Protein chains: 4
Amino acid sequence: MTERQLQIIHAALQLFAEDGVDATPTSKIAKTAGVSEGLIFRHFGSKDGLLKAILEYGGERVAAFYAKIANESQPKDILRQIIELPFSIDESEYDFWRLIYTLKWQRRTHLENITEQMLSLSSKAFNDLGYEAPELEAELLLIVLDGVATRALLTESYDMKTQVKNRLLKQYKLD
Amino acid sequence: MTERQLQIIHAALQLFAEDGVDATPTSKIAKTAGVSEGLIFRHFGSKDGLLKAILEYGGERVAAFYAKIANESQPKDILRQIIELPFSIDESEYDFWRLIYTLKWQRRTHLENITEQMLSLSSKAFNDLGYEAPELEAELLLIVLDGVATRALLTESYDMKTQVKNRLLKQYKLD
Amino acid sequence: MTERQLQIIHAALQLFAEDGVDATPTSKIAKTAGVSEGLIFRHFGSKDGLLKAILEYGGERVAAFYAKIANESQPKDILRQIIELPFSIDESEYDFWRLIYTLKWQRRTHLENITEQMLSLSSKAFNDLGYEAPELEAELLLIVLDGVATRALLTESYDMKTQVKNRLLKQYKLD
Amino acid sequence: MTERQLQIIHAALQLFAEDGVDATPTSKIAKTAGVSEGLIFRHFGSKDGLLKAILEYGGERVAAFYAKIANESQPKDILRQIIELPFSIDESEYDFWRLIYTLKWQRRTHLENITEQMLSLSSKAFNDLGYEAPELEAELLLIVLDGVATRALLTESYDMKTQVKNRLLKQYKLD
DNA sequence: GATGAATGAGCATTCATTCAT
DNA sequence: AATGAATGAATGCTCATTCAT
């Protein structure tokens, strides 16, 4: 990934997240990135190729996130880490996540396996902790965390983060 | 609202929800609705005018939803009704809600005041029921319900609905 | 010519003169005239048919103008009348003449024979008065009068009319 | 101004003059110029931008015309030059002038200040020559020259040019 | 006669993509 | 690698015209 390619990816990510993929012309990406329009196509083949590159680029970081969690052995630690997830998104990554969530509503994105992974991980943890219906609990936790992420990504300066997190940790007796 | 206008609205709603507003050409709407392309503009002025008409058309039903809840006097009934909300969406209305949720990520839509209304209603109910942090509880409930709706709208044949609902009713001691 | 037809003709004339024929939609004509759009086509067949009707409607008055002049027997009287022409246009007829002059630049209009008539009439008069080059004089007079009309039609509240007329009458020793 | 831009400008000028701006589709301009339709918009932004470019392009030559006259010191020379004006339009510039005169009847064009300049220049010249009513004379001269231009531009192979010019020079005792 | 809903061809404009340099 | 001129298909929209009532 060269310097020029990163410039393009960052510009596109920002614009895609802000205005939507369809509403962002490649000409605007080129201008924002400070490169010629042709270069986008030389490097990424097409606008869709660029989108895919962005998704992969961000996907790597998501994978890293998960590697950490899978390493934990204690079910309580696993749950704690999973709950931490949406609260630990750095603001520099908001654009990426906004894009992911936007795409969710239109085209299947690669996030599905992530959802599956998370469901199975937390389901197992709930089971280990003796919950009666671990799959249902896992489902509900997923729903809550997805909701949290949505609310945080869409609300400017969302300030209930910490309280929500503590309330969740308390609910699952992880504090 | 004439027959023809409804044809157009239904066709557009379906396509907008499926492919996104930007990715849906008016020509395709016309073909799907079985009318001439010009008619769209005669009736709705512009593509954006059509979108607004759809939002209003659906918005009326949302308002009706709320009218019911606001009438309840018992806090427990209010909460019960609010929780019922995402579970009672008829499949015939999925397109509308998918559109609403999609738009949320791109342009501010009129759903914000709905969010506010819901927060204040449930916050008051939680307060009446003696919850320690009623606003936090309301916030969390909103998040959960938003998450439920999202999951139901995006997952084909989502079959955990009932279990999730019961689990929630139980958590808030409403069963 | 029914009442309704006149309404349409007057509305169209005004709009055609103001914005140009091409830039005036039939819908605007209908609205201005206070009739339905369909009626225009029932009465005039097409937009072009309407234009032709306007031209004929106005053309009759032009023909009447000429009939008077042709009746004069004295060359001086003929010239005087011809010179009077552009100065005697009533403001209520400005729209019509503006339209005529506009059309001149795009499509041949029926005014050509008028020009020819005028040339031959004044040419004969100049000849009778012993001018050396009567055709040249006729040509020049035509040019001047056309210029006067243009200037008057395009200049709001053109106030040199009388002076210009007197100057012309004097030049041709008709005062 | 690149080669391609000139191709477009010439094609557009010809078509605008012939059929009128409104009646000339950009597709026809593109075809006539032998370029793609998109190129028109890349270079001129819009159809109106193209029209403005044409007007500026031609306007420079008009300005040059005037610079010459303003340099003359003798009133007789000034008048002679002004009278020369409409007779010295090269046939290659007919399209441009036809366009200018057409636009006069619909939208205010930049020719107004030219009219004003010409009026003040000739008015001063007439005054210097001791004419009784110099402003009236200037007005009349403008009218005549405008009429000459009109007649020449609208009449194919107008062959009285020289005679008219000589007649005018004689009338103002400039021969 | 009169209306106005409906049509569809045509228009200006945008934009992803190609390609010569 | 990099540019940016050039393309042309597709888009939202307009408008003269038709037709059922």
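Colleague: How many salt bridges does the rule find across the interface of chain A and chain B?

Modeller: The rule finds four there. The model is a predicted one.

Colleague: What makes the pair R167(B) and E137(A) a salt bridge?

Modeller: The side chains of R167(B) and E137(A) meet at 2.5 Å, N to O. The cut-off is 4 Å between a side-chain nitrogen of Lys or Arg and a carboxyl oxygen of Asp or Glu, so the pair qualifies.

Colleague: Which elements give two or more residues to the side of chain A that touches chain B?

Modeller: They are helix 1 (3-19), helix 6 (94-104), helix 7 (111-128), helix 8 (134-154) and helix 9 (161-171) of chain A. Helix 8 of chain A gives the most, with 15 residues. By type, that side of chain A divides into 16 nonpolar, eight polar and 12 charged residues.

Colleague: How much area do chain A and chain B bury between them?

Modeller: About 3200 Å², with 64% of it on carbon and sulfur atoms. In terms of contact, 36 residues of chain A meet 38 residues of chain B. There are also six residue pairs in polar contact between chain A and chain B, both residues being at pLDDT 80 or more.

Colleague: What are the values for chain C and chain D?

Modeller: The area buried between chain C and chain D is about 3300 Å², and carbon and sulfur atoms give 64% of that. The contact takes 37 residues from chain C and 38 residues from chain D.

Colleague: Why is the pair E137(C) and R167(D) called a salt bridge?

Modeller: The N to O distance between the side chains of E137(C) and R167(D) is 2.6 Å. That is within the 4 Å limit, and the pair therefore counts. Four salt bridges are found across the interface of chain C and chain D, along with six residue pairs in polar contact, both at pLDDT 80 or more. On the side of chain C that touches chain D, the largest share, 15 residues, comes from helix 8 of chain C. The residues of that side divide into 17 nonpolar, eight polar and 12 charged.

Colleague: Is I83(C) buried or exposed, and how do you know?

Modeller: I83(C) has 0% relative accessibility. Buried means under 20%, so I83(C) counts as buried. I83(C) lies in helix 5 (residues 75-87) of chain C.

Colleague: Which residues is I83(C) in contact with, leaving aside its neighbours within four places in sequence?

Modeller: I83(C) is in contact with L141(C), L145(C), K165(C), L168(C), L169(C), Y172(C) and L174(C).

Colleague: Which residues are the closest to DNA strand F?

Modeller: The closest are T26(B), K47(B), T26(C), F41(C) and R42(D), out of 28 residues that surround DNA strand F.

Colleague: What makes K47(B) a polar contact of DNA strand F?

Modeller: A polar side-chain atom of K47(B) lies 2.7 Å from a phosphate oxygen of DNA strand F. The limit is 3.5 Å between N or O atoms, so K47(B) meets the rule. For R42(A), the distance from a polar side-chain atom to a phosphate oxygen of DNA strand F is 3.0 Å, and for R4(D) the corresponding value is 3.2 Å.

Colleague: How do the atoms of DNA strand F within 4 Å of the protein divide?

Modeller: Sugar or phosphate accounts for 60% of them, and bases for the rest.

Key: Residues numbered from 1 in each chain as written. Chains lettered and ligands numbered in written order. Predicted model: local features only at pLDDT ≥ 70, side-chain atom pairs only at ≥ 80, totals over all residues. Heavy atoms only, no water. Contact = heavy atoms within 4.5 Å. Buried area = accessible area lost by both parts, 1.4 Å probe. Polar contact = N/O pair within 3.5 Å; in protein donor to acceptor, adjacent residues only side chain to side chain. Helix = DSSP H or I, 4+ residues; strand = E, 2+ residues; numbered from the N terminus. Nonpolar A, V, L, I, M, F, W, Y, C, P; charged D, E, K, R; others polar. Buried < 20%, exposed > 50% of the residue type's maximum accessible area, 1.4 Å probe, protein only. Near = heavy atom within 4 Å.
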